[in-house]
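Please look through the model below before reading the numbered points. They begin with a single residue and then move to larger parts.

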Amino acid sequence: MIFTRWWHSRIITRRWRGAAALAAAGVTAAALTALAPAAPALAAGVAPGAPGANATWNESNLQGFADSLGSASKVWYSLGDGELENVFYPQTDTPSTFGLQYIVTDGSTFTDTETANTTHTISLVDPTSLVWQQVNTATNGDFTITKTYVADPSRSVVLIQTTFDNLSSSPLQLYADYLPQLNNDGMGNTGGTDTTSGDLESSNGSVSSALAASTGFTQTTSGYVGSSSDGSAQLTSSHALTATYTSASTAGHIVQVAQIPVAASGSTTFTLALGFDSSQSAAISDAAASLAAGFASLESSFESGWHSWIGGLNAPPASVTGAGKLEEQYYVSLMEVKADEDKTYTGAFVAAPNDPWGTSVSANSAGDHGYHVVWTRDEYEMASALLAAGDSADANAALQYIFNYEEESSGAVKQNTFLNGNAVFGSLQMDEVADPIILAYQLGATNSADWGHIEELANYLVANGPYTPQERWEENSGYSPATMAAEIAGLICAASIAEANGATSLAASYQSTALSWASEVDSLTYTTTGPYGNGDYFLRITPDGSPNSGASISIANGGGSHDDRTVVDPSFLELVRLGIKSPAATDITNTLSVVDSELEVTTPEGPVWHRYNFDGYGETASGGDYTGSGVGNPWPVLTGERGEYDVADGNLTGAQSLLATMAGAANSGYQISEQVWGGSTGTGGFTFGQPDNSSTPLMWAMAQYARLAIDISAGKDVDTPAVVTQCVQQGSCPVSGSVKETVNVTVPVNTDASGDTVYLAGNLSALGLGQSDWAAGGVPMTRVSADEWTATIEAAADATLSYKYDLGGSWSNVEKNADCADISNRSMSVNGGTVNDTVANWGGPGACGDSTAVINVTVPASTPSGDTVYLSGNYDVLGTGIPASDDWIAADYPMTKTGTGTWTLTITGVPVATFQYKFTLGSWATAEETSSCGDLANRTFAFSTADASYTATDTVAAWAGSGGC
């Protein structure tokens, strides 16, 4: 797995070093051949040049991330560009290094660094533990360096077993090049050589590090980056340490270099130990203890910890088992999500162990956050993946962390925080208020302590939703279909948990609010006047809750201001994942086609989607770092979400293909990024469809991959709360009454064409279950057939209900009489019986046609007694909203039997419309024929006059496939 973009980040970061013209002091290191631990060769003096050049963080294109599962080991480390990059200590929001690499020189003609002058491969030594191995091969062919990484399970020490192979004909010298940026600060570090051990030591406030080698060091120096005391710059310019220093005692941006004794030819194997603690002496002691324990022993303990955790999970899903890279990606994804958990703040998972576009991020002071802070939404996504894989303990730890550090006493949830709960950004996103409730429901967390937190969260949703100060992309306020999906699901889950805790009135409030919002999703976020497709689709967000108004929204990151109808977003699929809508709902499928047309990018690995139109969060078009504006690239996590839609829709083959796309979009270390490069290969050094410099990995994306793999094998989205689907789509809710009335309604034949749900609206408060009066989306009904819908009305006791029917939860589509006039409210007694109603017409565009036609037909006596007669034709010409996709479907519109051998159907149309039609028994194999069993030309009927009523009387002579034909 050769990583071919080795030059992109580290050369940018350190390029000024090779340009520094430093005078040699005439000291050249001789070739060293000793393999036993050498006596320390101490430097002398205090380094000049403080504070050194400006410090930044790394580009985030990591290729490996790991920690030990030992609770005493509080180091997490990332690998990239052939080196050890960021070590986090003492917790996952605190990076404490920039990098540790080797420098090789022959002492006279060349000096090579691993990051700049080698090609890199990375692999796992063991597929079920995070033992990473890097192999760096010199571009000049003179050497290879093989490095295997583990963390000591008992100490905060990273160990690097190194084999240096000298492939040249001359002795070579090897140096460790270490850049401490302790305590999340690149400019506040001091360091030097310990006079007793010869180790390199450094400190910044309460964090110290020690670098030691099993061989000892033969030379050491500490200096300031970019100055004359910079040891790595000396090696670059003079192929030797020309001036060495015992200490860099003034706080600044320091660099530490140590020579390691290696054989004059052949191989040398040794171990580096990089230890961290609260003091230099403790860090030195830790490093020494780890070296004394031996790499082999600690590697075995490290692996055992991971094997034990993997052994406690469910078996890997069939979607990846035996599938090579798909299975490897599954294990790495889950292990790195687990590794992302902090050990001081158990259950805290940061979004990613990196800084997107890090070389443009200053490290001159402490407090940088990058993505190594907690977002509740990302925490929920990771916890749900762990739960799906069988790790309920860590998922529950995540829930408890959210309750204790993210949730405020008001029930609000902080946008994001450092691990200690201190806020980073200051806004609020309502989906993050709902997510922990959904997670609690999935975990079965219904005890009284959990209920106390859930009650606060749910009360906040009821009081402040469905409007959100920000949607999940953290930029705009208003009404978002994705946010509303979370809010509705959260409240239905809260109603279930409230019922379990005896809080019946709160349960009813949560449920009625959720159902009201579910009925309003389309009216608040679904445009019917958009410029894309057929004009009907969900928007990313509406600032005013009026999706047809054309309100202007400002796109962050330099995206400009636009009519909100021109901005779509795949996030609307949360309505399906969370159980609010069926995957086959017309509003969902309409939006899918628009999103695919506007946002889908076909990469070499498969389809990946942009977040939304005009997105500016990404590199510049030429590949430069994002610094406030740019061009947003496609996000692999959206491919995973589309895969979950396919699972819900029953398209497991499509979902499996998208799983492979996600794996293909990962880099050579199985890291799935926030974004992949959407421009041409070669631009900015990037490859089309492969990770850019945003965030690699993004733990949300890693979790999404694992969860999709599990969903495919389960044949369903395992994180869809069943209670939400049952309540919102099927009418079986957590809060139910003791009196149940069955309501059946016969609806116009063109009802299906709208793709909308039939609702019963009325003075629902009379039912005694806390529901709102006369909300257009009051009670969703269930489709039985093209012209039959049903619902169960529940009441706390016998009640009288005033009501009407409407289509799509809109009063514009309320029922009308046969003449398209308004009707009075209906009334029913809810007392345990059954009500049967008929709707003559729907109001609204395309519902009440200008004219009606009654089609009567007499069929032959040979018609099978159990068959239904259907009327098939070109319905789209009628002008009533029936789409062309409904034309000429053999079993689309059933007729009503009126007697022996007679059937009827009423249709509406506008002048001048000529309707062509035929009769069938439900398939074209049983369509009407002539009396001699021949083909029959289409029948026609013309609507030529407005506000007229017509009658057609037809006779079927014979049916294909029966009666002798």
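1. D625 has a relative accessibility of 15%, so it counts as buried. Buried here means under 20% relative accessible area, exposed means over 50%, and partly exposed is in between, with a 1.4 Å probe and protein chains only. D625 sits in the loop between β24 (606-609) and α15 (636-648). Helices (H or I, at least four residues) and strands (E, at least two) are DSSP runs, numbered from the N terminus.

2. On sources: this is a predicted model, in which local features need pLDDT of at least 70 and side-chain atom pairs count only at pLDDT 80 or more, while totals for chains, interfaces and linings use all residues. Residues are numbered from 1 along each chain as its sequence is written, and side-chain values use heavy atoms, with hydrogens and water left out.

3. What does D625 touch? Leaving aside residues up to four places away in sequence, D625 is in contact with E59, W357, T359, S360, T620 and N693; contact means heavy atoms within 4.5 Å. With S360 there is also a polar contact of 2.8 Å between the two side chains. A polar contact is a pair of N or O atoms within 3.5 Å; within protein, one must be able to donate a hydrogen and the other to accept it, and residues adjacent in sequence count only if both atoms are side-chain atoms.

4. The protein chain as a whole contains 19 helices and 43 strands. Its C-alpha trace spans about 110 × 60 × 50 Å along the principal axes. Of its 965 residues, 61% count as buried. Among contacts in the chain with a separation of 6 or more, 73% come from residues 24 or more positions apart.

5. Strand β10 (residues 157-166) has nine of its 10 residues buried. Strand β9 (residues 143-151) runs antiparallel to β10 and is joined to it by nine bridges; two strands pair if DSSP finds at least two bridges between them. The two form a hairpin with five residues between them, and I145 has F164 as its bridge partner in β10. Strand β18 (residues 266-277) is also antiparallel to β10, with 10 bridges. Here N166 stands opposite G266.

6. Which residues have the most contacts inside the largest nonpolar core? They are Y77 and L272, in a core of 183 residues. A nonpolar core is a set of buried Ala, Val, Leu, Ile, Met, Phe, Trp, Tyr and Cys residues joined through side-chain atoms within 4.5 Å. Helix α11 (residues 481-500) gives the most to this core, with 12 residues. Another core, of 27 residues, lies apart from it and includes V869 and Y893.

7. Helix α12 (residues 504-525) has 22 residues and should span 32 Å at 1.5 Å a residue; its end C-alpha atoms are 31 Å apart, which agrees. The expected span is 1.5 Å times one less than the number of residues. α12 has a kink of about 40° centred on S519, where the bend is the angle between axes fitted to the seven residues ending there and the seven starting there. Of the 22 residues of α12, 16 are buried.

8. Helix α3 (residues 231-238) is largely enclosed by the rest of the structure, because six of its eight residues are buried. Those buried residues are G231, S232, A233, Q234, L235 and S238. After α3 comes H239, with a positive phi near 65°.
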